[in-house]
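Trainee: I have a model open and want to learn how to read it. Where do we begin?
Mentor: With the chain in view. Ask about one feature at a time.

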Amino acid sequence: MHEYALVQSLVGRVEALVRERKATAVHRLVVSVGELAGLDPGLFQTAYDTFREGTVCAGAAMELRSVPARWSCPGCEREIARGEVLACPACGLPARLSAGADEILLETVEMEVP
Ligand SMILES: [Zn+2]
């Protein structure tokens, strides 16, 4: 399942951070997910809750934030509204995705560092 692979890589990133900072516990994670990642938030949460047992994240609640997709003009930075033609009405340039792409970002990791 897609969500499990993503959770696995997420926990791997947290483990790397824990090693790097010599943390003793992880309390909370905030993860932002781009709208275009095509992720099911409920499934992702369930996958996390199953997978975190026995990892550094066992005691860490995860908060998921969804980042809506946004487009803007690469020339004049004008924002292109949802549902509009994906090109700048002023410059005619094709719009560029400025947020909410398919990335999964580890925004915050609250951990116990001695
Ligand atoms: Zn423009």
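Trainee: How many bridges join β3 to β5, and do these strands run parallel or antiparallel?
Mentor: Start with the general idea. Strands of a sheet pair through backbone hydrogen bonds, either parallel or antiparallel. Here, in what is a predicted model, three bridges join β3 to β5, and the two run antiparallel. For a landmark, find Arg 70, which stands opposite Ala 99 in β5.

Trainee: What is the strand order in that open sheet?
Mentor: The order is β4-β3-β5, three strands with antiparallel pairing. β4 and β5 (96–99) are the edge strands, each pairing on one side only.

Trainee: Which strand does β1 pair with, and in which sense?
Mentor: β1 (residues 25–34) pairs with β2 (residues 61–67). They run parallel, joined by seven bridges. Val 31 stands opposite Leu 64 in β2. Remember one rule when you look at side chains. In a regular strand they alternate between the two faces of the sheet.

Trainee: What unit do β1, α2 and β2 make?
Mentor: A right-handed β-α-β unit, with helix α2 spanning residues 41–51.

Trainee: What share of the residues counts as buried?
Mentor: 20% of the 114 residues. Look at the contacts too. Among those between residues at least 6 apart in sequence, 72% join residues at least 24 apart.

Trainee: Which residues have the most contacts inside the largest nonpolar core?
Mentor: Val 7, Leu 10, Val 14, Val 26, Phe 44 and Cys 57, in a core of 17 residues. The elements that give two or more residues to this core are α1 (2–21), β1 and α2. α1 gives the most, with six residues.

Trainee: Which residues of α2 are buried?
Mentor: Phe 44, Ala 47 and Tyr 48. Now look down the axis of α2. The buried residues fall within an arc of 100°, so they line one face of the helix. They pack against α1 and β2. On the other side of α2, Gly 42 and Thr 50 are exposed.

Trainee: What is Phe 44 in contact with, leaving aside neighbours within four places in sequence?
Mentor: Glu 3, Leu 6, Val 7, Leu 39 and Leu 64. Trace each one on the model.

Trainee: Now the backbone angles. What is phi of Lys 22?
Mentor: Near 55°, a positive value in a residue other than glycine. Next, check the setting. Lys 22 is found in the loop between α1 and β1.

Trainee: Is Lys 22 buried or exposed, and why?
Mentor: Count the neighbours. Lys 22 has 9 inside 10 Å, so Lys 22 counts as exposed.

Trainee: Where does Glu 77 lie?
Mentor: In the loop between β3 (70–72) and β4 (79–80). Phi of Glu 77 is near 70°, a positive value in a residue other than glycine. Glu 77 is exposed, with 10 other C-beta atoms within 10 Å.

Notes:
Residues are numbered from 1 along each chain as its sequence is written. This is a predicted model: local features need pLDDT of at least 70, side-chain atom pairs count only at pLDDT 80 or more; totals for chains, interfaces and linings use all residues. A residue is buried if 20 or more other C-beta atoms lie within 10 Å of its own, exposed if 12 or fewer, and partly exposed in between; C-beta atoms are placed from the backbone. Two residues are in contact if their C-beta atoms, placed from the backbone, lie within 7 Å. Two strands pair if DSSP finds at least two bridges between them. Helices (H or I, at least four residues) and strands (E, at least two) are DSSP runs, numbered from the N terminus. A crossover is right-handed if, with the strands pointing away from the viewer, the path from the first strand over the helix to the second runs clockwise. A nonpolar core is a set of buried Ala, Val, Leu, Ile, Met, Phe, Trp, Tyr and Cys residues joined through C-beta atoms within 7 Å. The arc is that of the directions from the helix axis to the C-beta atoms.
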